[in-house]
Amino acid sequence: MLATAPPHLHAAAHRLSLAAPARAARSARLPLRRPLRYAPLRLRASAAAEAAPSAKEGAEELGFEEMVARTTRRYYMLGGKGGVGKTSCAASLAVRFANSGHPTLVVSTDPAHSLSDSFAQDLTGGALAPVEGTDSPLFALEINPEKSREEFRTINQKNGGTGVKDFMDGMGLGILADQLGELKLGELLDTPPPGLDEAIAISKVIQFLEAPEYSMFSRIVFDTAPTGHTLRLLSLPDFLDASIGKILKLRSKIASATSAIKSVFGQEVQQQDAANKLEQLRERMVKVRELFRDTESTEFIIVTIPTVMAISESARLHSSLQKESVPVRRLIVNQVLPPSSSDCKFCAIKRKDQARALDMIKSDPELMGLNIMQAPLVDMEIRGVPALKFLGDIVWK
């Protein structure tokens, strides 16, 4: 029926459960590896993998060797429907990279983070945190939207003013900001806008491109939010590029009018400085957009489970990614029931449903050309570096 994990992993999982209340104080320490003890589950997983739907004839055959071979930095984004196991797959890929000699960073862009749970280590705080138990350096980062919202409200407040008002002054719109303040509506100027979570994630991508503290990482793995959030994240650079362009055009049209107002009120506003900052932001957004679409350095990997609903959403996700020109070459089908000589009635029905969903992949024009990988359903949670290493050895091969 289910793929049975070896007793050693069950014991480790039990110890993690007992240690969970103290995890915030210290990271859980686990044995690095026990390869021989994983053999029974590996045999079952190999049998499950043999049943994987084949890629479309002529499709490129891809394996982990291709993913690990290049020495230049590469970005991998794992995404899909909520609850399909994106975090486990992303974390296992990060562990696999680190154990293959690549200094690796795994980043969660999902507001509901699970990396700490997956690694069984405290990775909270919104800062780089080392992950214990890998051969090469592995760090994790859970982006903290709430912390960034607070920074948005306070970081630029000076002498009773606001960062947004200062920016509007720089664009020649300070009088409008003053009027809003008189109407007691000024608080709106410091309210974090919709889509801030995605904007924060984009800012982190920019840091990865430019900041020296991230230069050591040759592999960066993104554990993305469910489909809708991720599509907004990927489309945000285009939106901001277009929006900033409109703002700059508006500024040029009102420049003469604001110059006249300044001459009357005696205001000296550094409009060009604000415009330069906007232009710099626009250039950075273009750089991020190009990164997302660069087939040499970036790949989006869709994660799904063998249900009709999940496969259907994965097909729509792939279609949307194609429209954004984001490269996609792999599809992970998670939680697949391994072959069994005897099934209970429930398992037989479940296996039949899964077979129907797997057949959908073979005939779906959006998915049939992708390289298909399977991860078996196991009888325990995949938590901690040893379990993630084991899962990674099954999936990423």
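Q: Which helices and strands each supply at least two residues of the lining of the second largest pocket?
A: In this predicted model, α4 (86-98), α5 (115-119) and β7 (328-336) each do so.

Q: How is such a pocket found in general, and what is the volume of the second largest pocket here?
A: Rolling a probe the size of a water molecule over the atoms shows where empty space is left. In this structure, the second largest pocket has a volume of about 550 Å³. It is lined by 23 residues, and the closest to its centre are Gly85, Thr87, Ser88, Gln335 and Ile382.

Q: Which element gives the most to the lining of the second largest pocket, and how do the lining residues divide by class?
A: Helix α4 gives the most, with three residues. The lining has eight nonpolar, nine polar and six charged residues.

Q: How do I read the packing of two helices, taking α4 and α14 as the case?
A: Two packed helices are described by the angle between their axes and the distance between the axes. For α4 and helix α14 (residues 385-395), the angle is about 90° and the axes are 8 Å apart. Angles of 65 to 115 degrees count as roughly perpendicular, so α4 and α14 are roughly perpendicular to each other.

Q: Which residues make the contact of α4 with α14?
A: From α4 come Ser88, Ala91, Ser92, Val95 and Arg96, and from α14 come Val385, Leu388, Lys389, Leu391, Gly392 and Asp393. By class, five of the contact residues are nonpolar, three polar and three charged.

Q: How are α12 and α13 set against each other, roughly parallel or roughly perpendicular?
A: Helix α12 (residues 308-323) packs on helix α13 (residues 345-363) at an angle of about 20°, with the axes 9 Å apart. Angles under 35 degrees count as roughly parallel, and α12 and α13 are therefore roughly parallel to each other. The crossing of α12 past α13 is right-handed.

Q: Which residues meet between α12 and α13?
A: Val308, Ile311 and Ser312 in α12 meet Arg356, Ala357, Met360 and Ile361 in α13. This contact divides into five nonpolar residues, one polar and one charged.

Q: Where does Thr124 lie, and which residues does Thr124 touch?
A: Thr124 is in the loop between α5 and β3 (129-130). Not counting residues up to four places away in sequence, Thr124 touches Ser116 and Glu142. Thr124 and Glu142 are 18 residues apart in sequence, and their C-alpha atoms are 6.2 Å apart in space.

Notes
Residues numbered from 1 in each chain as written. Predicted model: local features only at pLDDT ≥ 70, side-chain atom pairs only at ≥ 80, totals over all residues. Heavy atoms only, no water. Axes fitted to C-alpha atoms, helices over the stretch in contact; angles between N-to-C directions. Helix = DSSP H or I, 4+ residues; strand = E, 2+ residues; numbered from the N terminus. Parallel < 35°, antiparallel > 145°, perpendicular 65-115°, else oblique. Left-handed = near helix turned anticlockwise from the far one by under 90°. Contact = heavy atoms within 4.5 Å. Nonpolar A, V, L, I, M, F, W, Y, C, P; charged D, E, K, R; others polar. 1 Å grid on protein atoms, 1.4 Å probe; cavity = no way out; pocket = protein on both sides within 12 Å on 5 of 7 lines; lining within 4 Å. Points joined across faces, edges and corners; volume = space filled by probe spheres on them.
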